[in-house]
Amino acid sequence: MIRDLFINFCLLSTFLFFGDMAHNMLRVRFKLSPWILNGVSGVGLGLFGILQLVFTFELSNGLLLDFRQLSIMVAAGIGGPWAALIATLLIGAGRIAIAGGFTPASVLGLIATLLTFVFVLPAFLVKGSLRRQWTLAALSTTFLALGLLLYRLGESGIPLILFLAVLQAAGCTFTYHMMRYLRATREIQDALKQDIEHDFLTGLYNSRGFESRYRLAIASGSPFALLLLDIDHFKKVNDTYGHPAGDAVLEQLGKLIREYVRKIGCASRKGGEEFAVILRPCDSKRAIENADKLRAQIEQTPFLLPDGQIIHITISVGIGMYPRFSESKLVEETDRALYRAKQEGRNRGVLAV
């Protein structure tokens, strides 16, 4: 029995670790919708529940037990009712298949699986932290398991039932701490990625993030436009109103640019008051139109300073096209176009030729 328990805990920890990696990859790299992601989670945990049915642990009286309820609990905690239901149905079907059909033992196992779903789901519908939800689910499933065992073994099995209660508590505690650790690790990784690639003030990509997106745009082989934007006379804003006012302007401008390019490209803050926008796929006509619309929108937008004053700003824009310019020349030529826009009077866009 000890050997079987050890195998079960090894399977549980291995699946939770690699399952979390797969879940994060589907969420970040493939950007699956929540509904699909929850469905995939339910299928994965359902299949793992079937695996737990295979690796049961046997008691001295020949009774076979497993940790299938933990798969349903994890599914409910990660994906909610939809994932938990899928996992429950898969595990129930697996129990019948393993038993070779509808037998008294398989029917009792199916009922226990369905009851686990019924007992687990309300706990995860309660608003609160994972700890509170998991505690409620663990207590409810423990009482369910003990009730079924008491029905199966009778009063003579009470010492064994109490031992299994401790075992159930150990499995729930182990799973909870594993889930909490994986969740905290994922949140730290997400925060680090955000800090590494994003500008803390504007929320746009920083120089590192820009280089990454720029290489992806080049690698795609599709035509795209590079816009370099610079705030006109920004030094006067800092000198007149102070650096906190300048930061407020940059923060609001970053939000405005992000909203404008959200569906047509990506934006970054290259440093100071200079920004870069990648529009793809895009030709020169659309690039000029989008640059002018963005310039006009910024000119018309009131910027609120910390002291309550309202100011207006303008921008100059350099527009470069790929593959008109090679990867090594595109940024340089676009920057020259930005310089010409400033020389010609500012508050305008100039196409690099």
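**Exercise 1. Helix 4 and helix 5**

Work out how helix 4 and helix 5 are oriented to each other in this predicted model: roughly parallel or roughly antiparallel?

*Solution.* Let's begin with the geometry that describes such a pair. Two packed helices are characterised by the angle between their axes and by the distance between those axes. Here the axes of helix 4 (residues 104-125) and helix 5 (residues 130-153) come within 8 Å and cross at roughly 155 degrees. Angles over 145 degrees count as roughly antiparallel, and helix 4 and helix 5 are therefore roughly antiparallel to each other. As for the hand, the crossing of helix 4 and helix 5 is right-handed.

Next, look at who makes the contact. Helix 4 contributes L108, A112, L115, T116, F119, V120, A123 and F124. From helix 5 come L130, Q133, W134, L136, A137, S140, T141, L144, L148 and R152. Sorted by class, the contact of helix 4 with helix 5 has 13 nonpolar, four polar and one charged residues.

**Exercise 2. Helix 3 and helix 4**

Repeat the analysis for helix 3 and helix 4: at what angle do their axes cross?

*Solution.* The axes of helix 3 (residues 68-99) and helix 4 cross at roughly 175 degrees and come within 9 Å. Helix 3 and helix 4 are therefore roughly antiparallel to each other. In their contact, the residues divide into 17 nonpolar, eight polar and two charged.

**Exercise 3. A residue of helix 10**

Decide whether Q300 is buried or exposed.

*Solution.* First place the residue: Q300 is found in helix 10 (residues 284-300). Its relative accessibility is 61%, so Q300 counts as exposed, the cut-off being over 50%. Finally, compare sequence with space: Q300 and T314 are 14 residues apart in sequence, and their C-alpha atoms are 8.7 Å apart.

Conventions:
Residues are numbered from 1 along each chain as its sequence is written. This is a predicted model: local features need pLDDT of at least 70, side-chain atom pairs count only at pLDDT 80 or more; totals for chains, interfaces and linings use all residues. Side-chain values use heavy atoms; hydrogens and water are left out. Helices (H or I, at least four residues) and strands (E, at least two) are DSSP runs, numbered from the N terminus. Buried means under 20% relative accessible area, exposed over 50%, partly exposed in between (1.4 Å probe, protein chains only). Axes are lines fitted to C-alpha atoms, for helices over the stretch in contact, and angles run from 0 to 180 degrees between N-to-C directions. Angles under 35 degrees count as roughly parallel, over 145 as roughly antiparallel, 65 to 115 as roughly perpendicular and the rest as oblique. A crossing is left-handed if the near helix is turned anticlockwise from the far one by less than a right angle, and right-handed if clockwise. Contact means heavy atoms within 4.5 Å. Ala, Val, Leu, Ile, Met, Phe, Trp, Tyr, Cys and Pro count as nonpolar, Asp, Glu, Lys and Arg as charged, and the others, Gly among them, as polar.
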